[in-house]
Amino acid sequence: MTERVHPGDSPPTSGEHSVPKPATSSPEKPAPQPGTYVIQIPKDQIYRVPPPENAHRYAHLSKRKPRRSTSRSCCCCLLTTILALLLAAAIAAAVIYFVFKPESPNYSVESVAIKGFNLTSPSPLSPEFDVTVRAHNPNDKIGIFYEKGSSVKVYYGDINLCNGALPAFFQPTNNVTLFKTALKGSEIELNNAVLRTLSDQQNKGAVPFSLKLRAPVKIKVGSIKTWKITVKVTCKITVDKLTAASKVVSNDCDYGVDLW
């Protein structure tokens with residue numbers, strides 16, 4: 001393979017005398033190795049960005065950074081908005097609590113009239129419970145709207161005997177309201193063991209039931225009404241007998257709320 005030789009200085013012609021070059025302090029650049037090229041490009045022709053005819057090849061690289069910055073800014077704005085809303089809700093709740101001092105309402109079962117129990121027959125039962133519930137609102141500045149869509153259920157153990165609903169009404173401040181609701185069941189089948197247990201408990205004057213009440217309500221604070229929340233009441237009651245003249249022997253109710 002023929003080697004490429006870089007030409008040196010031409011020898012002086014006849015009659016010409018070579019003039020010695022002045023010595024310089026800077027070292028001479030080493031000569032390139034055979035078979036290599038040295039390309040010199042002016043600085044004004046070096047691009048920091050691709051030329052227009054090649055810009056489309058690198059367009060996807062230039063588009064990524066704005067997307068990342070935009071998504072980060074959106075996330076920051078969203079987090080800031082959520083924190084601001086949580087702070088405003090906490091401040092509003094604190095103001096309501098210290099200004100209005102809300103208290104939980106109290107619930108109890110006042111009376112129960114029972115029909116439709118025949119413990120000597122194996123036929124399906126159609127029990128009916130006429131229940132009177134006492135609701136006490138002890139708040140001075142808070143009223144309660146009981147909305148439609150409530151449910152009241154009576155259980156014996158895990159057996160759902162009958163169902164009903166509460167009437168819709170408004171309970172003002174410092175008020176005690178007694179409301180009656182008729183609960184009905186149909187085609188309730190009880191096996192012989194359950195019938196014998198009910199008969200024994202009636203003979204002893206202590207038949208236990210569970211009453212579960214769920215009611216959508218709105219709270220009225222001054223002139224403002226809240227969104228719907230769900231009041232949950234579970235009462236463990238004991239009656240002396242399974243007749244219309246039954247009396248409540250014991251009554252214990254628990255109260256809870258679902259805010260959403």
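This report covers the fold, nonpolar core, cysteines and one surface patch of a predicted model.

## Overall fold

The chain has 260 residues, of which 25% are buried. Its secondary structure consists of two helices and eleven strands. Read from the N terminus, the order of elements is α-β-β-β-β-β-β-β-α-β-β-β-β.

Among contacts with a separation of 6 or more, 65% join residues 24 or more positions apart. The chain exposes about 18,900 Å², and 57% of this comes from carbon and sulfur atoms.

In soluble globular proteins, nonpolar side chains tend to be buried together. Here the largest nonpolar core contains 43 residues, and Phe117, Phe129, Leu198 and Phe209 have the most contacts inside it. Strand 8 is the main contributor to this core, giving eight residues.

Phe209 touches residues from several parts of the sequence, including Ile114, Phe129, Val154, Tyr156, Leu161, Cys235, Ile237 and Leu242. Strand 8 spans residues 207–221 and includes Val221. Val221 has a relative accessible area of 13%, under the 20% cut-off, and is therefore buried. The C-alpha atoms of Val221 and Ile144 are 9.0 Å apart, although the two residues are 77 positions apart in sequence.

## Cysteines

A disulfide is a covalent bond between the sulfur atoms of two cysteines. The whole structure holds one disulfide. It joins Cys235 and Cys253, with 1.9 Å between their sulfur atoms. The torsion about this S-S bond is about 110 degrees, so the disulfide is right-handed. Cys235 belongs to strand 10 (residues 229–239) and Cys253 to strand 11, so the bond ties together parts 18 residues apart in sequence. Cys235 counts as buried because its relative accessibility is 2%.

Cys75 takes part in no disulfide, and the nearest cysteine sulfur, in Cys76, lies 7.0 Å away. With 48% relative accessibility, Cys75 counts as partly exposed.

## Surface patch

Trp227, Tyr255, Val257, Leu259 and Trp260 make up a nonpolar patch on the surface. Together these residues have about 610 Å² of accessible area.

Leu259 is located in the segment that follows strand 11 (248–258). Is Leu259 buried or partly exposed? Its relative accessible area is 46%, so Leu259 is partly exposed.

Note on methods. Residues are numbered from 1 along each chain as its sequence is written. This is a predicted model: local features need pLDDT of at least 70, side-chain atom pairs count only at pLDDT 80 or more; totals for chains, interfaces and linings use all residues. Side-chain values use heavy atoms; hydrogens and water are left out. Patches are made of residues with over 30% relative accessible area and no salt bridge: like charges are joined within 9 Å, nonpolar side chains (Val, Leu, Ile, Met, Phe, Trp, Tyr) within 5 Å. Accessible areas come from the Shrake-Rupley method with a 1.4 Å probe; for residues, only the protein chains shown count as cover. A salt bridge is a side-chain nitrogen of Lys or Arg within 4 Å of a carboxyl oxygen of Asp or Glu. Helices (H or I, at least four residues) and strands (E, at least two) are DSSP runs, numbered from the N terminus. Buried means under 20% relative accessible area, exposed over 50%, partly exposed in between (1.4 Å probe, protein chains only). Contact means heavy atoms within 4.5 Å. A nonpolar core is a set of buried Ala, Val, Leu, Ile, Met, Phe, Trp, Tyr and Cys residues joined through side-chain atoms within 4.5 Å. A disulfide is a pair of cysteine sulfur atoms within 2.5 Å. Lists of a residue's contacts leave out its neighbours within four places in sequence.
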